[in-house]
Amino acid sequence: MPALDSSGLALGPTTVSLLVDACGQYHRRVLIRCTAKLLRAIGTPTASRVDAPPSDKDWYANLLWFSGRKCVLLTHAGTLFSVFVPEVPVVDLRPFGGFVVPVIEASVRSEGLSVNIFGPLDPDGVGVAKTANRSVLGCMNDLALHCEY
């Protein structure tokens, strides 16, 4: 069993985003890949960002501006399931896990899906990283154009 830090992140030469539950089972940490604009808004220092290879289980997040209001667009990399959150004050984005998990859960429920369809979502287990998949970002940009109209 690898050594773990206080947040359940495996330590070692290859940083793997894992959480260990009370039964000792490993779960992949929820990873939100944010655009540089959103990383600045939430104030995430470089040192606290997760260094993990891209996965279809990652979520991508972008900060958008419509009519002078901040909005957040979240997209699941593997399914392109997207959540648009209008008029978000920056203060609501901190802590980021406390913002994204309830938003994703509410959107999943509104579609009549199981809350765990994307795996366990724990506000304290959310990791933040830089974007890594330009295809997902392209889909998000296309969706953002549709949201604007």
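**View 1. Burial across the chain.** Buried residues account for 40% of the 149 residues in the chain; buried means under 20% relative accessible area, exposed over 50%, and partly exposed in between (1.4 Å probe, protein chains only). The model is predicted: local features need pLDDT of at least 70, side-chain atom pairs count only at pLDDT 80 or more, and totals for chains, interfaces and linings use all residues. Numbering starts from 1 along each chain as its sequence is written, and side-chain values use heavy atoms, with hydrogens and water left out.

**View 2. Element order.** The chain holds 3 helices and 7 strands. From the N terminus they run β-β-β-α-β-β-β-α-β-α. Helices (H or I, at least four residues) and strands (E, at least two) are DSSP runs, numbered from the N terminus.

**View 3. Strand β3, residues 30-34.** Here 5 of the 5 residues are buried, so β3 is largely enclosed by the rest of the structure. In a regular strand the side chains alternate between the two faces of the sheet. Val30, Ile32 and Cys34 lie on one side of β3, Leu31 and Arg33 on the other.

**View 4. Neighbours of β3.** Strands pair if DSSP finds at least two bridges between them. β3 runs parallel to β7 (residues 126-130), joined by 5 bridges. Ile32 has Val128 of β7 as its bridge partner. β3 also pairs with β4 (residues 59-66), parallel, over 3 bridges. There, Cys34 is bridged to Ala61.

View 5. A disulfide requires two cysteine sulfur atoms within 2.5 Å; the count is 0. Cys147 is in none, and its nearest cysteine sulfur, that of Cys71, is 8.3 Å away. Cys147 is partly exposed, at 29% relative accessible area.
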